[in-house]
Amino acid sequence: MKEVLKRGMLKFENSFFSHVVRCALGMIIPLVLTAGISCAVRDFPVAPYQMFLTQGGGEMVL
């Protein structure tokens, strides 16, 4: 039974679909990390920093 599972997993691992999924997940990781870091900076739990953001100090002026 183990050999049948090993052959099936090896066949799936070398398939085109498996390759596409691995590459797509690899490309999404930087976006997820960037979003997580930006949320952590935005919600930093320090009262003066939060007041700075709510009073318009966090807005970009072009």
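Biologist: Where is L31 found?
Modeller: L31 is found in helix 2 (helices are DSSP runs of H or I with at least four residues, strands are runs of E with at least two, and both are numbered from the N terminus). This is a predicted model, with residues numbered from 1 along each chain as its sequence is written; local features need pLDDT of at least 70, side-chain atom pairs count only at pLDDT 80 or more, and totals for chains, interfaces and linings use all residues. Side-chain values use heavy atoms, with hydrogens and water left out.

Biologist: Thanks! And L31, buried or exposed?
Modeller: L31 counts as exposed because its relative accessibility is 59%. The cut-offs are under 20% relative accessible area for buried and over 50% for exposed, with partly exposed in between (1.4 Å probe, protein chains only).

Biologist: What about F17, which helix is that in?
Modeller: F17 lies in helix 2. With a relative accessible area of 55%, F17 is exposed.

Biologist: How many Å separate the C-alpha atoms of L31 and F17?
Modeller: They are separated by 22 Å, with the two residues 14 apart along the chain.

Biologist: Which residues form the nonpolar patch on the surface?
Modeller: F12, F17, V21 and L25, with about 400 Å² of accessible area together. Areas come from the Shrake-Rupley method with a 1.4 Å probe, and for residues only the protein chains shown count as cover. A patch takes residues with over 30% relative accessible area and no salt bridge, joining like charges within 9 Å and nonpolar side chains (Val, Leu, Ile, Met, Phe, Trp, Tyr) within 5 Å.

Biologist: Where does the largest share of the nonpolar patch come from?
Modeller: From helix 2, residues 16-42, which supplies three residues.

Biologist: Let's zoom out. What pattern does the chain follow?
Modeller: Along the sequence the pattern is α-α-α, with three helices and zero strands in total.

Biologist: What radius of gyration does the chain have?
Modeller: The chain has 22 Å, whereas a compact globule of 62 residues would have one near 11 Å. That value is taken over C-alpha atoms, and the globule rule is 2.2 Å times the number of residues to the power 0.38. Along its principal axes, the C-alpha trace spans about 65 × 30 × 10 Å.

Biologist: How many salt bridges does the count come to?
Modeller: One. D43 pairs with R42 in a salt bridge, and their closest N and O atoms are 3.2 Å apart. The rule asks for a side-chain nitrogen of Lys or Arg within 4 Å of a carboxyl oxygen of Asp or Glu. Side chains of opposite charge can pair when their charged atoms come close.

Biologist: What are the relative accessible areas of D43 and R42?
Modeller: D43 has 46% and is partly exposed; R42 is partly exposed too, at 47%.

Biologist: Last one: where does A47 lie?
Modeller: A47 lies in helix 3, residues 47-57, and is exposed with a relative accessible area of 53%. Its C-alpha atom is separated by 31 Å from that of I29, 18 residues away along the chain.

Biologist: And where is M1 found?
Modeller: M1 is found in the segment before helix 1 (2-13). M1 counts as exposed at 79% relative accessibility, and the C-alpha atoms of M1 and N14 are separated by 20 Å.
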